[in-house]
Amino acid sequence: MTQIEPVQLLLSKKERFDREPDRRSEDFHELLFDLESRGELVVQRVQGDYVTVPTKYGTPKKIQKGHLWHHKSCGQCGHIPGYSTSIFWIMRKLGYDYDDPRDQTSCTAWNYYASATSNQAAQAAVALRNFAAAYETGYFPLIHCGTSYGHYKEVRSELLHQPELRNQVRKVMEKLGKPMVLPEEIVHYSEWLYAMRDEIAATQVLDLKDIAVTVHPACHYYKLVEGDAIYDPDVYHGQRTAAVSGLVQTLGADLRSYSTFFDCCGFGFRHILVQRDFTRSFATLRKIEVMKEEANPDVVLTHDTGCVTALDKSQFSPQAHGRDVGVPVMSEAQFAALAMGAHPYKVCQLHWHSTNYKPLLEKMGIDWKAAWAEFEDELQHLKSGDKEFLTWEDVGV
Amino acid sequence: MRTVTEDPYMKVDRVAGHENVERASKVALMEEVFADPRLPHYLYGCYECGICVAACPSARFYDFSPRRIAQAAARRDIDLMFQQMEEDIWECSQCFSCLRCPRGNNPGGIITVMREVAVKNGLHSAQEALHGYSRIIFKIMSTGTQVSPDMLQPDAFPDWGPEVKDVSENLDLWRRALPPETHHTTKTGWAVADKTIVELYLIWLETGALDMIKQVDEGIHMILEEVMEERLEDEGIEI
Ligand code: SF4
Ligand code: SF4
C-alpha cells in the first residue's frame, strides 16, 4: 500500500489559489485593441495634440490637450460648484475647446460603493452609455470625479476580461441603440492639469512660494487599478502619485509632506451621508490634525469630490471639542485657477466651502473683501432681472 | 454540544451567532458570493500579515478588520462569513487602501460583492445600513445624479457649519451665479437631458438593478418603478 505523504494530504485539503504571475496591473491596451480588431467594441482614439505622461509601472499614458468631453461629478457640480467651474475656466483660459454635455449621467459609483444597490452589469452599462455619448460627439472624455475615474478603470478591466459581461452589456447597449465604446485612455482631470502644468504656470499671476500646501491624494485615483495613475520621478522620487503634487511644485508653492498621506479622507461613501461621526473623526484625527502638527499648511489640496467634501465639512464640529482644525480645503483646480487670476467667488465659488479660506486668500495677495463686493454686484444684477445668469464673458474667458 | 474540535479552523455557529438562520441558507448566500466573476481576482489566500488592517480607516474606529474578511473567505468559513455579512461589511469605507495587500487580495472588493449579495437577499444588515439612505437611492436612480444642490439643508447637515444655511437660503440665486450653462440646476447636480434619463431607466430595468431595491426598501422600489414605467411609456418604449 502506498503511503500518502503528510504534506500531500495537507495540500489535498488546502484551498488553492491561482495567483497571477505578475502582480503589476496590466497594460490593458493590447487587449483593448485586440477586442476592437475582432469587432467587439470601438476604441475612441486620442486625437490631435497630446502629452505623454509616466505612470506607476512605466506604461506611457496619452493625455489629449483639447476637444474634451467633460464627464462631470455630481458632488462637485452639486455641492462644490467652484470645482467644476475652475476646471472649465482653466481650459478656456488656455484656449482649449470642450463640450460640457447634458447627455451625461453620473457614474453612479458613489451610490454603488455606499449601498451596493446595483450590480456589475448595470455599472458597466452606465459607464459605456456615457462613453458612447462622448464618442458620438467626437470629443474625448475627461473624468472630473476620482471615484468615476477609478470605477471606470475597474469596469474597463472587467469588460476586457469577462466575455459574459461584454455580452450582457452589449444587449443593453443594443436596446439603447448605442455602440460599445471604450476610450484609448481613461483620463482624470487632475492628469490633464498635471500634463498642462507648464502652460498653466506660464499664465500664473500670483507668487505662491510662501503658501504651504499639503496634498491629500485620492484613494480611488491611485489605489484602484493603480498602474494607470501618474507617477513622476521628479515628484517624491516617483514613490507617490504625482497628480496634484506635480502641479503644486510647478506653481512654485511650498509643498509639504505629512506621515498619513496614504490614509483616506474618511468619506466612506455611506458614512458621509448617514454615519458622519466616523467621517468627522477620521478626517480630523488622521488627516487635518496630523497635517497641522507635521506640516502646518495654509491649504489642503486634493483632487476628488469626496475628499474635498469630507476634509472641508468635517472641520466645523470638532471645534466644539477644542480640536486643532481650521485649514481651508479645495481642489488643486481651484488653487491653480486662483494662481492664474481667477475670481475667488465668480469662478472658484469659495463661498460654498465651510472652512475659513480668507486668511489664505490674504496670504496669496487676493483682496477677498473687494472680490466679495464685486460678486454681490453681480448678484444684484441677477436679482433685479438685468440678467439671468453669470456668464463666461463675465469672468473674462 | 458541539465543540471546537469538530473543525478547529471554522467558527462555531453558537459563537458566530445567527444560529436561527439555517445553515443551508448561509451556504447558499456564500455560494452566491463565490459565484461572482470578480471574486477569483479579489482573493489569493492570506498571509495574516495585517498590512490591510494598518491601511484600513474603518479598522481604526470600528471592531472591523479586512484581514478577517480575507481570512474567512479564504477558509470558506460559512458561519463567520455570515456573521460578517450581518455585522461587519457596512463599516467598510470602500476606500480600497487594502489593495496594498502583498498577496494581491482586495478585501474591499470582497466586501462589495458581499454587500451586493446582502442587498439582493434582503438581509437585515442591508436594511439597517440603508435606513435613512433611501432618498439618495431615489435621487440617483431617478435623476442620474447622486447629490443635488437642494440637499444642502441645515437640518440635514447640522454638523457642516453655518455655510450650509447660507447656501440653502441663496440657492436659486447662487446657482444662477455659476458660469457653466449646465450648472443652473437645484434638483440635480447638472442639467441632464431627457433622453439620457430614459436610457438610464432602461439600464436599471434591463440589468435587474431596480429589482434589487425591492429587498431593502419596498416603498422606494414602488415609487421608482412607477416613475420609470410611466416615463418609458411616454416615450413609447415597452418593457
Ligand atoms: S476598502 Fe474597506 S476594508 Fe479596505 S481599507 Fe478601505 S475601509 Fe478597509
Ligand atoms: S494584507 Fe493581504 S495577506 Fe496581509 S492580512 Fe491583509 S488580506 Fe491577508
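Q: Two strands count as a pair if DSSP finds at least two bridges between them. By that rule, how do you know that strand 8 and strand 10 of chain A pair?
A: A quick heads-up: this is a predicted model. In it, strand 8 (residues 212–216) and strand 10 (residues 299–302) of chain A share four bridges, running in the parallel sense. The rule asks for at least two, so four bridges make them a pair. If you want one bridge to look at, A:T214 has A:V300 of strand 10 as its partner.

Q: What makes strand 9 and strand 11 of chain A the edges of their sheet?
A: The sheet is an open one of four strands, in the order 9-8-10-11, with parallel pairing. Strand 9 (254–255) and strand 11 (329–331) each have a single partner strand, so one side of each has no neighbour in the sheet.

Q: What lies across strand 8, strand 10 and strand 11 of chain A?
A: That's helix 15 (residues 305–313) of chain A, running at about 165° to strand 11.

Q: Why are helix 13 and helix 14 of chain B called roughly antiparallel?
A: Helix 13 (residues 209–216) and helix 14 (residues 218–234) of chain B pack at about 150°, with axes 6 Å apart. Angles over 145 degrees count as roughly antiparallel, and therefore this pair gets the label.

Q: Which residues of helix 13 and helix 14 of chain B meet?
A: From helix 13, B:L210, B:D211, B:I213, B:K214 and B:V216 take part; helix 14 brings B:E218, B:I220, B:H221, B:L224, B:E225 and B:M228. By class, that contact has six nonpolar, one polar and four charged residues.

Q: How many charged residues does the shell around ligand 1 have?
A: It has no charged residues, with eight nonpolar and five polar ones. Of the 13 residues around ligand 1, B:C56, B:C92, B:S93, B:C95 and B:C98 come nearest.

Q: What surrounds ligand 2?
A: 13 residues do, the closest being B:C46, B:C49, B:G50, B:C52 and B:C101. The shell around ligand 2 divides into eight nonpolar, two polar and three charged residues. Helix 3 (51–55) and helix 5 (66–75) of chain B each supply at least two of the shell's residues.

Q: Which domains does the assignment give for chain B?
A: The domain assignment gives domain 1 (13–129), domain 2 (134–145 + 192–234) and domain 3 (158–190). The centres of domain 2 and domain 3 of chain B are 25 Å apart, taken over C-alpha atoms. Their contact takes four residues from domain 2 and four residues from domain 3.

Methods:
Residues are numbered from 1 along each chain as its sequence is written. Chains are lettered from A and ligands numbered from 1 in the order in which they are written. This is a predicted model: local features need pLDDT of at least 70, side-chain atom pairs count only at pLDDT 80 or more; totals for chains, interfaces and linings use all residues. Side-chain values use heavy atoms; hydrogens and water are left out. Axes are lines fitted to C-alpha atoms, for helices over the stretch in contact, and angles run from 0 to 180 degrees between N-to-C directions. Angles under 35 degrees count as roughly parallel, over 145 as roughly antiparallel, 65 to 115 as roughly perpendicular and the rest as oblique. Contact means heavy atoms within 4.5 Å. Ala, Val, Leu, Ile, Met, Phe, Trp, Tyr, Cys and Pro count as nonpolar, Asp, Glu, Lys and Arg as charged, and the others, Gly among them, as polar. A residue is near a molecule or strand if one of its heavy atoms lies within 4 Å of it. Domain bounds come from an automatic or database domain assignment.
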